[in-house]
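Okay, everyone, let me put this one up on the screen. I'll take a pocket and then a helix pair.

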Amino acid sequence: MLLLAGSVLALSSPAQAADQSGAALHALVKARLAEEAGQPVAALSALTALASAAPRLPGVRGQMLEQAIAAGDLPAARSAALQLWQAGDRRFDAQLVLLVDAMHRSDWKAAREYIGGRADKTGGDVMSRLIQPAINAWIDLGLREKAPERYLLIANARGRPEPAMALEAAIVQLVTKRPAEAVALTDDIILTDRTSQLTALRLAATLDKAGEADAAKRLRGRIALASGEREDPSLLLPDQAVVTPREGAAHWLGMLADGFARIPNGGPKIPMLFAHAAYWLNDRDWTARSALVEALDRDGQAPAAAALLASKGAALPPVLQMRRAELMADAGDMTGAAKLAEAAVAGDAPARSLLVRFADIARRSDDKAAAARAYAQIEATLGEGDGEQALRGTLLIARAELLLQSGDWDAAQPLIEKAVALRPNDASVLNFAGYSAIERRKDVKQSLARIETAWNAEPQSPSITDSLGWAYFLTGRADEAVPLLEKAQSGEPDNAVIVEHLGDAYWHVGRKFQARYTWRAATLLAEEDMAARLEAKLRDGLTPETMAP
């Protein structure tokens with residue numbers, strides 16, 4: 001705050017400085033609060049006011065750029081980036097914004113200047129390694145230079161270009177009306193990773209557009225083999241041809257945004273930057289839109305992500321319909337989410353991954369009939385291989401769980417036994433089978449043996465440890481149950497079921513003060529039915545009627 005006041009005082013008379021300092025402090029607080037609340041539009045507005053009150057305050061233009069990017073405001077981002085660039089601060093996000101803005105305006109000469117304005121001669125930064133070859137090629141195409149694909153075909157250390165870049169070079173060749181060269185290059189490329197598969201899908205669509213259907217068919221056959229029947233959400237997006245330099249640059253940046261979003265524990269800023277850059281270049285690109293949805297959701301802007309999927313225009317592809325349904329469910333509209341999710345799998349042969357996601361939404365919305373329909377559809381897709389049979393066992397458990405929620409043990413029990421027969425060494429299946437039976441006091445000896453087998457296989461699992469501890473409690477071995485339940489509770493301290501189990505065990509072995517303390521902690525986590533039972537225990541102690549089920 002003192003730095004801010006000093007900056008303002010240096011610019012004005014004492015009276016003016018006091019007014020400006022107050023306005024600047026107010027704007028700074030508003031900007032910080034808006035940023036923390038995930039409201040980039042409000043943060044950008046406050047930062048604009050701050051820049052007006054304290055134009056020389058260090059760091060303001062950089063913050064304005066970041067919030068303009070988060071808000072998707074290209075004019076504001078361009079203005080902040082340009083001021084940073086002209087002041088000699090050639091940071092990467094400013095460079096990408098100015099580059100995309102120039103390409104958006106088809107000012108290819110300016111784009112060439114910006115892409116070279118921050119060159120890393122070592123080739124070590126992300127701009128050099130991932131962006132420059134493809135973007136340089138598309139800029140050259142915009143400038144009508146010869147052989148623009150040369151940037152992508154420069155051999156790497158192993159003597160061959162990366163598969164995705166070679167595929168991108170083939171797309172460039174098609175856009176420059178050289179199909180024979182593109183087909184020859186395409187047939188020579190081995191798909192090695194997810195990025196090459198995504199690029200190959202775009203190339204296949206562009207081959208079709210260029211009248212090279214046979215080459216497109218050959219390529220798609222290789223994609224299907226490499227991608228596991230295209231269960232990956234990005235691989236389920238519609239194939240889109242590239243016909244202009246802007247479309248080419250957009251698809252490349254969108255693909256990078258999608259890749260950055262998949263980095264474990266990664267922050268939202270880099271995916272957001274690349275996704276907005278791609279979307280600014282081509283808002284009809286499904287990969288760019290999908291990547292932007294994920295970036296916005298990760299940044300705490302779920303309403304903006306949902307709005308992006310609710311906008312008018314071309315009908316959403318099924319995979320994005322499902323994503324919209326999940327965002328609706330997260331916002332609390334379970335009825336609308338379940339309806340939209342089922343519509344997303346209504347076509348012929350929906351992807352199995354979409355059926356799984358539909359089942360999850362149906363369960364979240366407590367629509368057991370819809371969940372059962374989803375499981376039936378998934379089961380209909382299964383073959384006879386070992387992996388398929390393992391999945392069949394998982395489906396049987398899911399169906400059994402639905403029946404148990406309705407209290408139908410007689411219908412659930414045969415499904416559970418079939419699942420155990422299919423997956424006799426699966427700890428999660430054995431635990432479910434044993435716990436489901438023992439809590440209903442069914443075949444206690446066999447059920448306890450199954451849980452013990454599961455725990456011996458996965459003793460680190462809090463849920464299985466809880467099952468064994470509770471099984472010991474129910475079979476009169478409370479002293480053995482307590483240390484197991486304590487271990488389970490330390491592994492999942494926010495699991496209300498485990499905490500209640502531990503409280504009941506404490507009471508039974510005479511540790512009543514700890515029992516009440518534990519039950520009280522469980523009330524902070526419990527849903528309505530459990531909360532009422534816990535209140536009764538806190539009032540009257542443990543009774544047969546208030547014991548956890």
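I'll go through the pocket and then the helix packing.

Quick housekeeping: this is a predicted model, with local features needing pLDDT of at least 70, side-chain atom pairs counting only at pLDDT 80 or more, and totals for chains, interfaces and linings using all residues. Residues are numbered from 1 along each chain as its sequence is written, and side-chain values use heavy atoms, with hydrogens and water left out.

So, the largest pocket: about 1200 Å³ of space. A pocket here is an open set of points on a 1 Å grid over the protein atoms alone, where a 1.4 Å probe fits, with protein on both sides within 12 Å along at least five of seven lines; lining residues have an atom within 4 Å of a point. The volume is the space filled by probe spheres set on the points, which are joined across faces, edges and corners.

There are 33 lining residues, and Glu 401, Gln 405, Tyr 435, Glu 439 and Val 497 lie nearest the centre. Helix H24 gives the most, six residues.

Now, H28 (496–508) and H29 (512–523): they pack at about 165°, axes 7 Å apart. That makes the two roughly antiparallel, a label for angles over 145 degrees. Axes are lines fitted to C-alpha atoms over the stretch in contact, and angles run from 0 to 180 degrees between N-to-C directions. Helices are DSSP runs (H or I, at least four residues), numbered from the N terminus.

How values were computed
Parallel < 35°, antiparallel > 145°, perpendicular 65-115°, else oblique.
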